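Visitor: I am new to this structure and should like to understand the terms used for it. May we look at it together?

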Amino acid sequence: MLIAASAHAKVYMCKDATGKTLSSDRPIPECADRAVREYSSNGAVKKDIAAPLTAEQKRALELQQQKKKAEQAAADEQKRSDRALSARYRSEDDIVSARKRDTELVNEQIAQQKRVLADAEKELGVTQTAVAAQKQKGGVSAALQVKLGRSEQDVRELKKSVQDSELELAQVNEKYELTLRRYREITTKTASSR
C-alpha cells in the first residue's frame with residue numbers, strides 16, 4: 001500500500017519572489033502567483049502550471065477574445081449575406097437588370113422634380129419682376145411680398161428634393177456596384193473550389 005501511495009506522490013516546485021526555490025508535496029501558498037512545476041514521484045516533469053494572469057493580462061485576453069468573437073460574427077454574417085446574394089441573383093445579368101429597374105425609378109423621380117422646379121423658378125421670376133415693378137412705383141404690397149417668400153421657399157425645397165434624389169441615385173448605383181463586385185468574388189471563389 002505504501003508503494004502504491006508513493007507512486008502517486010507529487011512534488012511541486014517554484015521560485016518565490018526572492019528567487020529561492022521552494023518544493024512541497026502540496027501546492028505552495030508562496031507560489032500562488034508564480035509558475036509552478038509539478039514532478040511525479042520518479043522525478044520526471046509531470047506538468048508546468050503557468051502563473052495566474054495579471055489584471056492587465058486578463059483584460060488583454062478578454063479584449064482578444066471579444067475581437068475574435070466579433071470577427072467570427074462578422075464572418076458568419078458575411079456567409080449569410082453571400083448565401084442570400086447567391087439565392088437572389090442567378091447571374092450578373094440579373095443584377096444589371098435590377099439596377100436598371102431601380103435607377104429608372106429614381107431617374108423618373110428626378111426628371112419630374114426638375115420639371116416642377118423649372119415651373120417654380122418661372123413663377124419666382126414672374127413674382128420677382130412684379131416686385132421690381134412695384135418698387136419703382138413706390139412700394140411693394142404685403143400680398144406680393146408673401147407670394148415672393150413662398151416662391152423662394154418652394155424653389156429652395158424643390159432644389160433640396162432634387163439634390164436628395166440625386167444622392168439616392170448615387171447610393172443605388174454604389175449599392176449595385178458593391179453587389180456586382182461581391183457576386184463576382186463569390187462566383188470566382190465557387191468556381192475555383194470545384
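Visitor: In which helix is the place of glutamate 104?

Guide: Glutamate 104 lies in helix α3, residues 92–137; helices are DSSP runs (H or I, at least four residues) numbered from the N terminus. This is a predicted model, in which local features need pLDDT of at least 70 and side-chain atom pairs count only at pLDDT 80 or more, while totals for chains, interfaces and linings use all residues. Residues are numbered from 1 along each chain as its sequence is written, and side-chain values use heavy atoms, with hydrogens and water left out.

Visitor: Why is glutamate 104 called partly exposed?

Guide: Buried means under 20% relative accessible area, exposed over 50%, and partly exposed in between (1.4 Å probe, protein chains only). Glutamate 104 has a relative accessible area of 38% and is therefore partly exposed. Among the buried residues of α3 are Thr103 and Val106, and what covers the buried residues of α3 includes α4.

Visitor: How do you know that the length of α3 agrees with its number of residues?

Guide: The expected span of a helix is 1.5 Å times one less than its number of residues. The 46 residues of α3 should therefore span 68 Å, and its end C-alpha atoms are 67 Å apart, which agrees.

Visitor: What makes α2 and α4 roughly perpendicular?

Guide: Axes are lines fitted to C-alpha atoms, for helices over the stretch in contact (heavy atoms within 4.5 Å), and angles run from 0 to 180 degrees between N-to-C directions. Angles of 65 to 115 degrees count as roughly perpendicular. The axes of α2 (residues 55–88) and α4 (residues 142–193) cross at roughly 95 degrees, and the two helices are therefore roughly perpendicular to each other.

Terms used
Parallel < 35°, antiparallel > 145°, perpendicular 65-115°, else oblique.
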